[in-house]
Every structure is written in structure tokens, then in C-alpha cells.
Protein chains: 2
Amino acid sequence: MTKPTVVTLNDLKVACENCSLSRLCLPMGLDEKDVTRLDQIINRTKPHHRNDYLFREGDTFKGIYAVKTGSIKTYISREDGSDQVLGFHLPGEIIGLDAIETGSHGCTAKVLETTAVCLIPYEKLEKLSVEIPSLQHQMFRLMSREITNESNMLILLGKRNADERLATFLLSLSQRYKQRGFSATEFNLSMSRNEIGNYLGLAVETVSRLFTRFQDEGILKVERKHIELLDLEALKGICDSSPRQNNHQNSA
Amino acid sequence: MTKPTVVTLNDLKVACENCSLSRLCLPMGLDEKDVTRLDQIINRTKPHHRNDYLFREGDTFKGIYAVKTGSIKTYISREDGSDQVLGFHLPGEIIGLDAIETGSHGCTAKVLETTAVCLIPYEKLEKLSVEIPSLQHQMFRLMSREITNESNMLILLGKRNADERLATFLLSLSQRYKQRGFSATEFNLSMSRNEIGNYLGLAVETVSRLFTRFQDEGILKVERKHIELLDLEALKGICDSSPRQNNHQNSA
DNA sequence: TTAAAATATTGATCCAGATCAATAAAAACT
DNA sequence: AGTTTTTATTGATCTGGATCAATATTTTAA
């Protein structure tokens with residue numbers, strides 16, 4: 001509490017130990033002293049604005065980013081102009097872990113709304129992880145979670161129909177907002193219908209029609225970007241409904 | 001070279017330093033001394049046979065597995081009996097990284113053909129990674145690569161048509177076999193058509209028809225599980241062909 | 001060796017969701 | 001305020017690949 005270290009007002013605004021997200025973010029599980037050490041390697045910049053790039057495909061990898069406020073989308077472009085949205089990233093989430101192996105970014109990170117991020121320089125982070133076992137532990141956990149998240153998306157894209165995809169997407173946002181202390185049932189979408197469709201492997205028209213239908217069915221209320229989830233149970237029901245793709249593979 | 005340590009014949013057969021895969025696997029980038037330390041925590045078991053499980057969904061996470069010989073599939077089951085194959089794993093590849101965060105396995109690993117694996121107990125590995133920075137480095141790299149691989153699958157499932165999916169799959173196998181010193185153009189599929197279809201988000205009938213068509217077009221020769229790739233360039237052409245999904249999102 | 005079960009192939013039909021098209025409504029410029 | 005551009009909605013049509021169905025082949029069991 002009464003640390004003797006001199007901190008400026010500016011530092012106070014941004015330090016991990018004063019950040020409400022630290023229990024979700026990289027500092028999770030670190031003790032006070034170690035958080036301070038981590039803090040010292042982190043670069044904070046002024047807020048980024050809509051359509052800014054945090055990094056682009058092919059950029060040299062400098063470090064991973066933690067979202068503080070706002071939201072980010074990551075996507076991969078193909079030469080023919082088609083994109084694949086890989087994810088939407090909310091406060092407390094980490095971006096850029098896929099670039100560690102190759103040393104350059106394999107996707108582009110674009111700002112969806114005014115957003116503040118922390119840049120954690122990777123080389124320093126790796127050195128510090130050797131010195132702070134709990135930091136290494138947390139890095140392994142974060143990367144492991146990322147792998148699990150992507151596996152879940154593979155199921156979504158490989159096996160689920162349009163209804164299930166959108167319902168799962170909305171519930172995911174709901175849960176993540178809730179974890180962050182926001183309403184689980186009322187929020188604004190920072191991404192367009194097009195981006196949602198792209199992420200979910202659906203055409204924009206399909207997304208639009210689904211929103212309309214879900215609203216007609218009383219499951220939610222949608223007006224432009226504003227969403228109100230009226231029946232979470234119904235949404236959950238949609239997520240794991242139809243038994244399609246009954247492949248008995250080798251049930252041995 | 002002339003290490004004074006006493007090793008039994010059995011040890012010799014299996015130690016990382018005598019394993020031809022070490023340049024692909026966990027020991028990559030470690031010096032001789034560190035490989036020996038890593039070796040000491042690794043458990044080797046007798047070969048597993050077709051349809052054995054390495055671990056099942058929900059099992060307590062003990063450690064990660066490195067495939068030595070043979071092949072493994074990982075998949076997630078749903079209560080309704082439908083599965084999603086997450087991957088096929090060849091020698092030198094690591095399985096189980098997704099379980100680090102939760103402490104229990106989120107997918108099942110099933111043996112496709114007689115297979116030898118190394119089990120690397122996770123707690124010991126984490127401790128050792130603090131002591132051996134190059135091991136921590138390699139772990140970060142491996143996990144990062146896993147994230148990249150899964151991103152690539154997301155594109156495949158989200159945006160590519162059936163032809164592109166199968167062509168990409170075959171080329172991936174080709175490259176991975178080549179890296180491991182096997183033929184890039186002739187190999188046996190250890191998985192069924194059903195499993196391929198499941199992995200690629202296609203019906204088994206579609207996979208079967210594609211094999212037939214690719215053969216008719218002179219791109220490959222297929223007989224049951226045996227594949228001969230006759231025209232790698234044609235396959236590559238199929239992988240990045242059609243410009244579908246021309247979404248101009250926000251081209252800002 | 002034969003029987004039963006699993007796996008693969010091929011053909012016919014169907015449908016969820018893509019694509020095409022038109023309009024409406026916001027947002028961004030001027 | 002008006003004009004252009006982007007984004008969203010709704011309807012009509014089309015199609016890639018799923019599903020259904022029948023048969024053939026291979027593997028496993030007995």
C-alpha cells in the first residue's frame with residue numbers, strides 16, 4: 001500500500017497494479033513485487049483510433065499487446081482481397097502470440113473503436129519469464145488458452161449451422177463482458193455485420209437475417225450496434241441443439 | 001561424444017540426443033547438456049496400438065506428448081455423438097498443449113497406427129524451463145506455432161471450398177513427411193476418409209469423390225490408403241485459386 | 001473359411017446458406 | 001443541408017456440398 005517508490009500521476013493511471021484488468025491479464029497470479037517488475041518493461045502509448053493498425057501482416061514482431069480499453073480485430077488477408085477475421089479482442093485479452101515462432105506477424109490487428117493497449121516487448125518478457133516463474137506460468141496458461149479458444153472456433157466452423165454460430169458468438173461476448181464487469185445482457189457491437197459474418201464463416205445477409213429472426217422470436221432486441229439479450233437460456237439452447245453430422249467414425 | 005554417463009542399451013534407443021526428430025521436437029535449440037537434463041524428465045513407454053487412447057477429454061493433465069513414430073488424431077466429442085477432429089499428429093509433433101490452462105484435457109488423443117510417444121511431465125517441464133532459458137524459448141515457439149496452425153485451419157474452414165481443403169490437406173502432409181525425411185510424393189494415409197472429411201468439415205462422400213476426381217485429372221494416384229502425388233504444382237494451384245468471398249469489409 | 005461389421009465408392013436428390021439484386025438507413029464528407 | 005459512401009436489411013434465385021440410398025470392398029471376428 002505505502003510503497004516508497006516515486007510514481008508520477010501518469011504512471012499511476014496506467015500501471016498494472018492499478019489496472020482493473022490485471023486479474024484477467026498477464027499479471028494474473030503474480031505477486032506485487034513481480035507485477036512492478038513486469039510494469040517496468042511495458043510500453044504504454046496514447047489511445048489508438050478506429051481503423052488504426054496495431055500491426056500488419058508481415059510486420060516485424062516486437063511484442064505482444066494487451067487490450068486495456070476498446071476493441072481490436074485480427075484478420076488475415078489473401079492476395080485476392082478476401083479476408084478471414086480471426087478474432088475480436090476485448091480488454092484484458094492478449095494479441096500477437098502467433099508471431100513468436102516466426103518473428104513476424106501472421107495477421108493484421110486493426111482498431112475497431114478508440115482503444116488503449118499495452119505493448120509488452122517480447123525479448124524483455126522472455127528474459128523476465130526466466131526470472132519470474134509465475135510469469136512464465138502465466139504465459140504458458142495464456143498461450144494454452146489461446147489454443148483452446150481456436151479449437152472451439154474450429155468446431156464452430158466445422159460443424160455448427162448458422163443459428164448456432166451466431167448464438168455462440170453472442171454468448172461469448174456476453175460472458176466476456178460480464179467477466180469484465182459490464183452487463184452480460186446489454187452491449188454495443190464494435191464490429192460490423194460484415195465482420196461478424198466473416199468471423200463466423202457466414203454471408204453478411206445471413207447474419208442480418210438471423211438478427212431479425214432472433215428478434216422476432218423474442219430472444220434478443222437489436223438496433224444497429226446495440227444488442228440486448230432477452231433470453232440467455234434460449235440462446236444457450238440454440239448453441240448445442242441439432243445433432244447434425246452424426247459420424248460414427250470408428251466408435252471403437 | 002565420449003560422455004562418461006552410463007547408459008543402458010534401452011536408454012540409447014530412446015534418448016533425445018539419439019532421436020532423429022530432435023531438430024523438430026522439443027529439444028530444438030538446446031545444447032547437449034540441456035538435452036540430457038530434459039531427457040531425464042521424459043517418460044518413455046512401450047508402443048501404443050491402433051485405437052488406444054493417449055488421453056481422453058476430461059482426463060487430468062499430466063504432461064504433453066511428443067510423437068516419436070506413428071500417428072495420432074485429436075478430436076473433441078459432443079454429447080450428441082458428433083465429433084470434430086482437431087488434427088493429425090506426426091513424429092516430432094507435440095500434443096496436449098491446450099490442457100495447460102485448465103489442467104485437464106479438452107480433447108481426446110487416439111492412436112491411428114502403432115505409435116511410440118514420449119511423455120513430458122508438465123510440472124517438471126515447467127520447472128526445467130525456468131532453469132533452461134532455451135527450453136522456455138522452445139516451448140513458447142512450439143505453442144506459438146500451434147496457434148498459427150490453428151489460425152490456418154480457421155481460414156480453411158471459414159473460406160475455402162472442398163477442392164481447396166483437400167488439396168491443402170494433402171500438401172500439408174506432403175511437406176511434413178518431407179521434413180521428416182520421407183517421400184513428399186508417396187505416402188500412406190493413416191486416417192480414414194471419414195476422419196479426413198471430419199477434419200476438413202466435409203462429408204465422407206465428398207472426400208471420396210474428390211479423390212476420384214483428382215485422380216481422373218492426373219493430379220494424384222490413390223489406392224485405398226496409399227497416395228501418390230503426381231502433380232504438386234497443380235495441387236498448389238488448387239490451394240490458392242478461387243477468389244470467393246470478396247468482402248470489402250472496411251477497406252480503409 | 002465364412003460371416004459380420006466397418007469403410008469406401010458412386011449416383012440421385014435436396015437444402016442451408018451463398019449470391020444476386022434492390023432499397024433503406026447511417027455515417028462520412030463537402 | 002445536401003451529396004456520396006458505407007453499412008444493413010429484405011427478397012428472389014441459385015448451387016456446392018450434404019444427405020439419402022445402394023453397392024462394393026476391406027477388415028475384423030468367429
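Predicted model: local features only at pLDDT ≥ 70, side-chain atom pairs only at ≥ 80, totals over all residues.
I number residues from 1 along each chain as its sequence is written, with chains lettered from A and ligands numbered from 1 in the order in which they are written, and side-chain values use heavy atoms, hydrogens and water being left out.

Domains of chain A. I took the bounds from an automatic or database domain assignment, which gives domain 1 (11–156) and domain 2 (161–239). The contact (heavy atoms within 4.5 Å) takes 21 residues from domain 1 of chain A and 16 residues from domain 2 of chain A. Phe88(A), Leu90(A) and Leu156(A) supply 42% of the area that domain 1 of chain A buries against domain 2 of chain A, more than any other three residues. I looked for salt bridges (a side-chain nitrogen of Lys or Arg within 4 Å of a carboxyl oxygen of Asp or Glu) and found three across this domain interface.

Chains A and B. Here I found 61 residues of chain B in contact with 61 residues of chain A, and about 5,600 Å² buried between the two chains, 51% of it on carbon and sulfur atoms. Four salt bridges cross this interface; I also looked up the salt bridge of Arg141(A) with Glu101(B), in which the closest N and O atoms are 4.0 Å apart.

For Cys107(A), the nearest cysteine sulfur, that of Cys25(A), is 17 Å away. The sulfur of Cys16(B) is 6.1 Å from that of Cys118(B), the closest cysteine sulfur, and this is too far for a bond. Cys16(B) is buried, at 8% relative accessible area (buried means under 20%, exposed over 50%, partly exposed in between, with a 1.4 Å probe and protein chains only).

Helix 8 of chain A. In this helix (residues 232–239), I found Leu235(A), Ile238(A) and Cys239(A) buried. What covers the buried residues of helix 8 includes helix 5 (162–179), helix 7 (204–216) and strand 9 (226–229) of chain A; helices (H or I, at least four residues) and strands (E, at least two) are DSSP runs, numbered from the N terminus.

How values were computed. Disulfide = S-S within 2.5 Å. Buried area = accessible area lost by both parts, 1.4 Å probe.
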